[in-house]
Amino acid sequence: MTGSLSRDVILTIIVSAILIWIMPLMIATYTLTVLVIYGMLGLSLGLIWGFGGILCFGQAAFFGLGAYTYAIAAINIGESTVPIILAVLVPAVFAALLGAMMFYGRLTDVYLGVITLVVTLILFKFMNSTAGPQYVIGKARMGGFNGIPGFQTLNVPGDPDAYIWGDAYFYVCAVALAIVFVLVSALLRSSFGRIAVGIRENETRIALMGYDVRARKTVLFAVGAAIAGLAGALFANWGEIVTPNLFSLSQSAEIIIWCIVGGLGTRLGPILGAAGLAYLKFLLGQQSMIDNTLIMGLILVLFVLFLPRGIVPALASLWRISFGRRPLGRIHQVRRTRNRERTGG
Amino acid sequence: MPPRPELPLRRKGRGRFLYAQNRPKDTMDLSFVILVEMLYAVASLILIGAGLAVVFGMMKVINLAHGEFMMMGGYATITAVNLGVNVFVAMLIIAPLIVGLIGLVVERLVIRHLYGRLVDTMLATWGLSLFFIGMTTMIFGNTTTGISTPIPGFAVGGYQINGYNFFIIVVAVLLLIGILAVLKTTRAGLVARGAMQRADMAASLGYSPDRIYMATFFCGSALSGLAGAVLAPLVGLVPTSGGAYIAKAFITVIAGGPSLVAGLLSSAGFFGIVSRIFTFAISPVIGEVALLVAAVILLRLLPQGITGRFLTGRL
């Protein structure tokens, strides 16, 4: 955490501008869009898990909730601006309630995992069972296993007929990711973010210092859910259909794999992990010799065993060892002078 | 992303209870049927949770590949039956052995390195679960397979009861008695309980915790295999069937708390009865949802599990 926020923002703008310019030359924008969306989803879990220490097994719940909220609201309203805002707010409120229930009950790791997993499953089962005509919200039929197709996709705010799609949609998503990234950076640099990291490191100590750990965890959890909800809304626009599979266990598992592989405790790691693994999956999907799930599972096991910190932290420490300033050298120097003082003095 | 159908535990062939043509006026029959269904729900939860409970209770390892172990037990049974083995031999002997051996390999290769790191074991075993799903898909294909229930159903008044339900209840009861007997009366059980409480003390007395954990994991996997095998005739088996089990197993064990048998029995009893009441009153989907909601509420009220508050110190 060196350097100032303004330097961070400028760096983010430059790097993302270069990436937004270069990447479409290599990968089709249709694929890139979903990679960017997955990157945002990875960042949402990376924020609450990597910096807040909250292992949520059900990040897919907020992703799916965002997508469903967008779809239902878009059908009812017929314009996309309000649905996008709702898709951020509804998961955030839901997460705040769920988080308050969990954190004020002082539940920790495993129990947190069970509850978030179970809530995801409840949503999955419920959405799958909403096939009948009695499940209607406004004008939107829930559609059960088939999901909701045919809703209004993203349009220029105020003009429902000016759809944003194709290349333009990719730029919207990429800029959204950059903005979210900057906001997350700002959050982490604020005192709230620093205390969140403190809670991750030692919850009791922070509580004894007089901070309300439960409220802070709840807020952080809600912020993560809001980002996941935005990713869900963007995903709904990309796929033009929402199905209960958004809530599935495999979706949750994948988000966790992205974070582990990319690297916890970094902002960039989950994004790169998500985009990289999703692209790998896309490439693997074009062959049928080896099953996709098998490779994902193998990657997760190998990373947990051999590189539990993830790629980005490993690369960062490699960089520090090779090129950075060497705090180790200074220690040696101090020791050497001290030895000299002791022997020669 | 390929769609991943998650099959509910659905009965093949003979229905749960077929309403007879003449509506029964006798409520005795109905209450008997409901009683059997309740017992069956509790028994199947006990079966589903047993393997995970042994591994979690003994080693504090959450095995998220538990559902896949059960799924492999099911596949082992079906393959053995198709090769001409008696169905009961396949279910009660072959499947537990095969899955136990797979568990042994997994323990030696992966889990051994992660003891004491709860979250890491969860993640690694989740990876293993995906790995096994992929492996099974490559070997058996992404199609539904199954065998018919080996015990015929019979009629109680105007209702039809699946005879296989009784078999599952009997297996669950025997399983609990067996676990209790091994832990309480045998030397191996004593050593295992000792290592469970104080691994360092057991080590200083000359027992290798490494060996004990290995054996425990074998037993846990074998129990998962047994459960998967016994439940296999009731479900259409696909490689992703494990997903239907893992959440139930997970919440049963966590809500049960630290004691192995008492925790399993109390939480399976609670969840089984809750889900059946809502299934009868409203619909099977609501029954499932009620089970999950009950789990969330229970964990909020008793974060240490049922036996963390009540019945402490029992096995």
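Is Lys60(B) buried, exposed or partly exposed, and how many other C-beta atoms lie within 10 Å? In this predicted model, Lys60(B) is partly exposed, because 14 other C-beta atoms lie within 10 Å, a count that falls between the 12 or fewer of an exposed residue and the 20 or more of a buried one. The residue is placed in the loop between helix H1 (27-59) and helix H2 (66-82) of chain B, and although Lys60(B) is not a glycine, its phi is positive, at about 55°. A positive phi is also found in chain A, where Glu240(A), again a residue other than glycine, has a value near 60°. Glu240(A) belongs to the loop between helix H9 (213-239) and strand E4 (241-242) of chain A, and it counts as exposed because it has 12 C-beta neighbours inside 10 Å.

The interface between the chains was examined next. In chain A, 38 residues are in contact with 38 residues of chain B. Helix H5 (109-128), helix H10 (249-262) and helix H12 (292-306) of chain A each contribute at least two residues to the side of chain A that touches chain B, and H5(A) gives the most, with 13 residues. Sorted by class, this side of chain A comprises 25 nonpolar, 9 polar and 4 charged residues.

Two of the helices that supply residues to this side of chain A, H10(A) and H12(A), also pack against each other, at an angle of about 40° and with their axes 10 Å apart. The crossing in which H10(A) passes H12(A) is left-handed. On the H10(A) side the contact involves Ile257(A), Ile260(A) and Val261(A), which meet Met296(A), Ile299(A), Leu300(A), Phe303(A) and Val304(A) in H12(A); by class, this contact has 8 nonpolar residues, with no polar and no charged ones.

Elsewhere in chain A, helix H2 (residues 29-51) and helix H11 (residues 268-284) pack with their axes 7 Å apart and at an angle of about 140°, and H2(A) and H11(A) are therefore oblique to each other. The crossing of these two helices, H2(A) and H11(A), is right-handed. Residues of H2(A) that take part include Thr31(A), Val34(A), Leu35(A), Tyr38(A) and Gly39(A), and among those they meet in H11(A) are Gly269(A), Pro270(A), Ile271(A), Tyr279(A) and Phe282(A). The contact of H2(A) with H11(A) has 13 nonpolar and 7 polar residues, and no charged residues.

A helix pair was likewise characterised in chain B, where the axes of H2(B) and helix H3 (residues 87-109) come within 8 Å and cross at roughly 135°. H2(B) and H3(B) are therefore oblique to each other, and H2(B) passes H3(B) in a right-handed crossing. The contact includes Phe69(B), Met72(B), Gly73(B) and Ala76(B) of H2(B), together with residues of H3(B) such as Ala95(B), Ile98(B), Val99(B) and Ile102(B). By class, the contact of H2(B) with H3(B) consists of 13 nonpolar and 3 polar residues, with no charged residue.

Ser224(B), in helix H8 (residues 209-231) of chain B, is buried, because 37 other C-beta atoms lie within 10 Å. When residues up to four places away in sequence are not counted, Ser224(B) touches Gly51(B), His66(B), Phe69(B), Met70(B), Gly73(B) and Val99(B). Ser224(B) and Ala95(B) are 129 residues apart along the chain, and their C-alpha atoms are separated by 9.3 Å. In chain A, Ala186(A) lies in helix H6 (residues 167-189) and counts as partly exposed, because it has 13 C-beta neighbours inside 10 Å; Ala186(A) and Thr81(A) are 105 residues apart in sequence and, from C-alpha to C-alpha, 25 Å apart in space.

The largest nonpolar core has 208 residues, of which Ile37(A), Val118(A), Ile46(B) and Leu47(B) touch the most other members. Leaving aside neighbours within four places in sequence, the contacts of Leu47(B) are Ile168(B), Val171(B), Ala172(B), Leu175(B), Ala227(B), Val230(B) and Leu231(B).

Methods: Residues numbered from 1 in each chain as written. Chains lettered and ligands numbered in written order. Predicted model: local features only at pLDDT ≥ 70, side-chain atom pairs only at ≥ 80, totals over all residues. Contact = placed C-beta atoms within 7 Å. Helix = DSSP H or I, 4+ residues; strand = E, 2+ residues; numbered from the N terminus. Nonpolar A, V, L, I, M, F, W, Y, C, P; charged D, E, K, R; others polar. Core = buried A, V, L, I, M, F, W, Y, C linked by C-beta atoms within 7 Å. Axes fitted to C-alpha atoms, helices over the stretch in contact; angles between N-to-C directions. Parallel < 35°, antiparallel > 145°, perpendicular 65-115°, else oblique. Left-handed = near helix turned anticlockwise from the far one by under 90°.
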